[in-house]
Amino acid sequence: MVFKKKRRWHCLSGQPITDMDKQVMYWENKGKLVPTRDLIKTPEQIEGIRRSGVINTEVLDEVAKNIHEGMNTLEIDKICYDYCVSHGGTPACLNYEGYPKSVCTSINEVVCHGIPKEEDVLKEGDIINVDFTTILDGYYADASRMFIIGKTTPEKEQLVRVAKECLEIGAEAAKPYCFVGDIGHAIQKHAEKYHYGVVRDLCGHGVGLKFHEEPEVLHFGHRGTGMLIVPGMVFTIEPMINMGTWQVFIDADDKYGWEVITGDEKPSAQWEHTFLMTEHGVEILSE
Ligand code: MF3
Ligand code: CO
Ligand code: CO
């Protein structure tokens with residue numbers, strides 16, 4: 001049957017149905033995973049996450065200014081804690097599910113969640129990921145960068161560069177009304193050109209009102225899979241790229257059970273940003 005007159009769409013609450021609602025309903029009917037309302041941030045929430053992102057960026061800038069050979073990772077932890085707290089923020093990692101420090105410092109074969117410690121002294125040629133998350137007025141922003149200590153090998157240099165490209169290529173693939181799988185697919189394709197392994201056991205995530213929200217942002221996989229991404233969603237992309245195997249383990253020496261290392265103990269690199277999906281593509285909230 002056909003409607004004689006053009007009907008305006010209304011849902012039962014009387015609110016007009018927007019183009020976004022139509023897209024969501026369309027894909028939901030096709031059996032796709034779609035975001036719930038709470039994953040679409042209000043302008044006020046976006047402003048809050050943006051402000052948290054400013055502090056978070058400044059924390060990592062402070063690390064960039066001070067990181068050097070001979071320093072231990074507990075000193076990096078102190079830089080992050082002091083900067084964040086003195087600017088009104090709280091380090092999200094501290095005491096998060098038993099995590100004992102304010103930042104993750106992951107050196108060489110440590111993939112992520114490296115715990116700062118006095119014995120971990122940075123030496124020439126090390127590559128290190130520093131991952132920090134700020135809570136400001138209840139809003140979360142999460143980002144990480146790689147640092148190369150002095151001069152490293154061309155192989156490690158390339159790994160760090162390609163991991164960054166993976167983040168950039170993933171961000172470019174993220175368009176309004178795309179699927180999370182479009183991002184992962186683009187990342188995997190780039191990493192595998194270099195025969196690198198893309199870590200599968202850990203992923204990016206929605207972020208903003210909590211540390212880890214839906215959706216899971218896998219850094220590998222197929223286009224059109226995973227959750228539909230619509231304007232107003234805030235999430236991280238944070239590919240972990242291994243020089244060798246994609247497989248990872250929890251380091252048996254870590255009494256906290258947090259530190260993740262590569263299966264073959266070859267190096268790993270990671271970059272992370274918090275992104276807002278807009279009507280046109282992503283905006284970085286953590287730079
Ligand atoms: N910042 C990490 C992420 O990107 C999470 C670290 S959780 C911690 O999701 F407890 F290890 F700090
Ligand atoms: Co992070
Ligand atoms: Co994250």
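**Aromatic residues and the cobalt site**

Tyr96, Tyr99, Tyr140, Phe211 and Trp258 make up one aromatic cluster. Rings of Phe, Tyr and Trp (its six-membered ring) pair if their centres lie within 6.5 Å; planes under 30 degrees apart count as stacked, over 60 as edge-to-face and the rest as tilted. The model is predicted: local features need pLDDT of at least 70 and side-chain atom pairs count only at pLDDT 80 or more, whereas totals for chains, interfaces and linings use all residues. Residues are numbered from 1 along each chain as its sequence is written, chains are lettered from A and ligands numbered from 1 in the order in which they are written, and side-chain values use heavy atoms, with hydrogens and water left out.

By the pairing rule, there are eight aromatic pairs. One of them, Tyr140 with Phe211, is stacked, at 6.0 Å centre to centre and 25° between the planes. Tyr140 is buried at 16% relative accessible area (buried means under 20%, exposed over 50%, partly exposed in between, with a 1.4 Å probe and protein chains only). Phe211 is likewise buried, at 8%.

Donors are N, O and S atoms within 2.8 Å of the metal (3.2 Å for Na, K and Ca); water is not among the atoms, so sites may look incomplete. Asp142 also bridges this ion and the cobalt ion (ligand 2), the two lying 3.3 Å apart. Both His205 and Glu238 are buried.
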